[in-house]
Amino acid sequence: MAAEKLRDLSQPIDVPLLDATVSAFYGTGSKEERNAADQILRDLQNNPDMWLQVMHILQNTQNMNTKFFALQVLEGVIKYRWNALPVEQRDGMKNFISDVIVQLSSNDASFRAERLYVNKLNIILVQILKHEWPVRWRSFIPDLVSAAKTSETICENCMAILKLLSEEVFDFSRGEMTQQKIKELKQSLNSECQLIHELCFYVLSASQRTELIRATLSTLHAFLSWIPLGYIFESPLVASLEYGGYYDVQYVKMYNIFMVQLQSILPPTTNIPEAYAQGSSEEQAFIQNLALFFTSFYGASFIFSVYCSSGYFIHIRILESTQENIAALLLGLEYLINISYVDDTEVFKVCLDYWNSLVSWLFEPHRSLDNPAASATMMGLQVPAMLPGMVDGHNSQLLQRRQLYAGPMSKLRMLMICRMAKPEEVLIVEDENGNIVRETLKDNDVLVQYKIMRETLIYLSHLDHDDTEKQMLRKLSKQLSGEDWTWNNLNTLCWAIGSISGSMMEEQPVCSKSTYVVGQYPRFLRAHWKFLKTVVNKLFEFMHETHPGVQDMACDTFLKIVQKCKRKFVITQVGENEPFVSELLTGLPNTIMDLEPHQIHSFYESVGHMIQAESDAQKRDEYLQRLMELPNQKWMEIIGQAHQNVEFLKDQDVIRTVLNILQEVNKEASWQATSTSVACSLGTYFLPQISMIFLDMLNVYRMYSELISKSITEGGPFASRTSYVKLLRSVKRETLKLIETFLDKAEDQPQIGKQFVPPMMDPVLGDYARNVPDARESESGDFFAILDMISMCHSSLCLSSRYKSAMIEDVPRIFEAVFQCTLEMITKNFEDYPEHRLKFFSLLRAIATHCFPALICLSSQVQLKLVMDSIIWAFRHTERNIAETGLNLLLEMLKKFQGSEFCNQFYRTYFLTIEQEIFAVLTDTFHKPGFKLHVLVLQHLFCLLETGVLTEPLWDVATSPYPYSSNSVFVREFTIKLLSTSFPNMTTAEVTQFVNGLFESTNDLSTFKDHIRDFLIQSKEFSAQDNKDLYAEEAAAQRERERQRMLSIPGLIAPSELQDEMVDS
């Protein structure tokens, strides 16, 4: 193929042949031709000498695609190799690009015809500037300003270059340039600001060319985020943009004419929702456009709104000037409110966005009022006659504005109440194992709409609490009287009332009979016992209701209320003979007789929370015994029959009954089961109950383990998918989770660990070690109970020194049963047995953290190298959870060995290996989420060198050609060689500077982290779009600031999400 000679770059490239190859790639030829052209272009692009042909190509081709290909090659060189090029080559290329830009932009015809090409050249020039300016190209800004004054088209393009430069430095610099480079460029732009300002003013005052003025304004807008304010407000610049009151008059005139015409077309008395529903497509389009006009006109702002708050809603402010204009403004808002009732989702979204912005704008000044009297007054939108002198001029203006909008805002409150969207929806479903679980539906359009409406109604509530309450009570009274009753109206009212929970003052909340609403107002319930008792008894009635969803709703609301008001149920209230919990336990069988198993589990958890609140240990034990009487009775019946005939336990109905008694499902996603629910609520107080059934549970566990093994051995891997084996696995899993929950919640009682851990060793570990891999794994991908328990339970047991000695004795048995057989399963590839991987390393971390002496003792039985290789394998894993677990485990190991007698021996063996492996994953984009932990590991290693903890040499004394003065000197040299070899695009001086910076900043984590970020950017391992994980901590801090802002506005965060503040004590 003739195109093959393109690969020979020893002579000027054949441009016509290159054009043909590019055309073949973008053309409609055969697949083989396109593939061949693609391969040639890729080879050319990867050839390090190809960039030397760029100038020749651009001078001799007319093919636009070829030009862009050449510029793409050049862009790669600028990004990765620019600083390594000789000075004459750099100067030659930047001068050539500048000349081409000037040549094309000098002529208006060529500038318009090849605008895309010019834009790409501008981008290339800015990329060069990021390397050259200001140190090696100090005259750039003066040269650019001088060139801009020679031609209007050149000036227009110069504005585009300045805008690109501003955006690169101030908007998109993070992740593209080092911190020092960003600082230099910002300082240079600020120092050259005078020249740029004079150029903008010159254009705006002298030019009549529309395109140039638009480009100048666009550039000025980009500069507004950083330009010193004096250049805007202390210069004629603003005056050149102000058109005086003339246009204000025109705005008002246009609006008034529009409103007069609108009233003749669409009288204010028109029922717009009904007219829209019955109208033609043209009439509906008119209403849609009317909504767009009002929201755009009212919400208009101008360019300097970033500095001037009055820039927002500028047209509304103009219309507020006279009574006549105010009347027209209020009429327009009336139209918009009526349009908002139209049954069209898109129309409502347009209106809703504007209403949200408007009420936020009205509310914001309310937060800044310092005068308490004025603040209290403003909440009613009225200024009492007794306070005229207490409000300054500014606050008076704010109050007058709220009075002005009091009418429309009142109607808007009713709109939000009537059209409130459905909040987060929870479905009760059955999973593939037959368990009843809760499934939350999130991130749909309705939920997004609910969040906006909720925020809008909260702002409206703060603007006038009294009117909000009146509107809701008026709507509620119509529901009770039947005047306006429908299911939809009742639902929207309940959702609206629940949405403003926390925004009203404590004495003001509005509560209906709805269970949803009462669950949202725990403070009110705690303050009114009789009402609370009435609500709970009503919920008990609902638990007998067979209408779909009512029982689930009643159990859910009961749990929510008990969590927030639990102490009220264990105290004998005035006029009562006994605490409510005692009364409840007496009638327990009748209360739960109509509930489904998953609903009973929720009910038991609720009662467990009540019992936990009882401070009297004797009463607490009595309540627990009464609560567990029914499940204990059923359990003893099953165990009694099993003692007579063990085959009884193999019946599937019996297995389901056992599962129903023991089951616990993850709190965050599902209901909780009977015994486990109580264990979760009661912690150590559950000890008598768990002790009674513990050994029998282990016997059942052992038996079901054998049944599973037998089924899989006889039926093969597919047997694990049968309903019978899944049911057996469920019992095993829930048995272990029940014990783990109890141990996790238990208080400081060391005998608990000694009592419960040893009996589990053979049933759990023995079963795991004996089984084949397929018998250890659930094919459905659900929790694998045995390994789950090995990691979670032992992690709980190791959480403090209370179980330390017992666990040291058990660690060798755990390793013998788990370590080797699990490694064989998980090291064959990165995909199989994902649950085993995570839980295996969680187990290692728990042992390393809390039972480190036991790990040291293992060195004679299991090689430490095998453990370290496993850890390295873990943090090299592409699965984020496994990699992070491996890194956390590595940190624990490093810290433990640092304080041990084996410190020198360990680090002499593994220091360089760990450093090398960490740098490998640090510079791998697949592992960027682990950046924070990578930094912590490197900081730990370098701190060891600086503190002198290591007293023996890290290098091999026997083979080293010469001795080093210290470990620090040795590691410094090793790291420079390592990185220089790994990053040939970086000079030795750059690598040395980076390594020296690491040693200098070891004691300052923030500086250390920034230094590594700069290295990743400088080495070009990460492109800009990859870098969000490098700033994950900063992003988390920004989210926390936003949360604090929301917390400052009562109601924006629902009380149910404020657990620490709202839980009853």
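Analyst: A disulfide is counted when a pair of cysteine sulfur atoms lies within 2.5 Å. This is a predicted model, and by that rule the count comes to 0 disulfides.

User: Next I would like to understand charged side chains. How many salt bridges does a search of the whole structure find?

Analyst: The general idea is that side chains of opposite charge can pair when their charged atoms come close. Here the search finds 31 salt bridges. One of them joins the side chains of Glu168 and Lys130, with 3.1 Å from N to O. This pair links distant parts of the chain, since Glu168 sits in helix α9 (residues 152-171) and Lys130 in helix α7 (residues 115-132), 38 residues apart. Both Glu168 and Lys130 are buried.

User: What separates Arg1013 and Asp1010 in their helix, and is Arg1013 buried or exposed?

Analyst: Arg1013 and Asp1010 are again separated by about one helical turn, because they are 3 residues apart in helix α52 (residues 1005-1018). The closest N and O atoms of their salt bridge are 2.8 Å apart. Arg1013 is buried, with a relative accessible area of 2%, while Asp1010 is partly exposed at 25%. Elsewhere, salt bridges with shared partners join Asp108, Arg112, Arg115, Glu152, Glu156 and Arg209 into one network.

User: Turning to the nonpolar residues, which members of the largest nonpolar core touch the most other members?

Analyst: To read a core, one follows buried nonpolar residues that are joined through side-chain atoms within 4.5 Å. The largest such core holds 115 residues, and Tyr704, Tyr907 and Ile1012 touch the most other members. Helix α38 (residues 687-715) gives the most to this core, with 13 residues. Apart from it lies another core, made of 68 residues, among them Phe96, Val100, Ile128 and Leu212. Returning to Tyr907, and not counting residues up to four places away in sequence, its contacts include Leu894, Phe897, His940 and Leu954.

User: How can I compare the span of helix α50 with what its residues should give, and which helices do its buried residues pack against?

Analyst: The expected span is 1.5 Å times one less than the number of residues. The 16 residues of helix α50 (residues 967-982) should therefore span 22 Å, and its end C-alpha atoms are 22 Å apart, which agrees. Its buried residues include Phe970, Val971, Ile976 and Leu979, and the buried residues of α50 pack against α48 (903-922), α49 (931-947), α51 (988-1000) and α52.

Helix α26 (residues 487-499) can be read in the same way, because its 13 residues should span 18 Å and its end C-alpha atoms are 18 Å apart. Among the buried residues of α26 are Asn489, Leu493, Trp495 and Ile497.

User: Finally, what is Glu892 in contact with, and what does Ser98 touch?

Analyst: Neighbours within four places in sequence are left aside in both cases. Glu892, in helix α47 (residues 880-898), is in contact with Arg845 and Thr849. Glu892 counts as buried, at 18% relative accessibility, because the cut-off for buried is under 20%. Ser98, in helix α5 (residues 87-106), touches Leu125 and Trp137, and Ser98 is buried with a relative accessible area of 18%.

Definitions and conventions:
Residues are numbered from 1 along each chain as its sequence is written. This is a predicted model: local features need pLDDT of at least 70, side-chain atom pairs count only at pLDDT 80 or more; totals for chains, interfaces and linings use all residues. Side-chain values use heavy atoms; hydrogens and water are left out. A salt bridge is a side-chain nitrogen of Lys or Arg within 4 Å of a carboxyl oxygen of Asp or Glu. Helices (H or I, at least four residues) and strands (E, at least two) are DSSP runs, numbered from the N terminus. Buried means under 20% relative accessible area, exposed over 50%, partly exposed in between (1.4 Å probe, protein chains only). Contact means heavy atoms within 4.5 Å.
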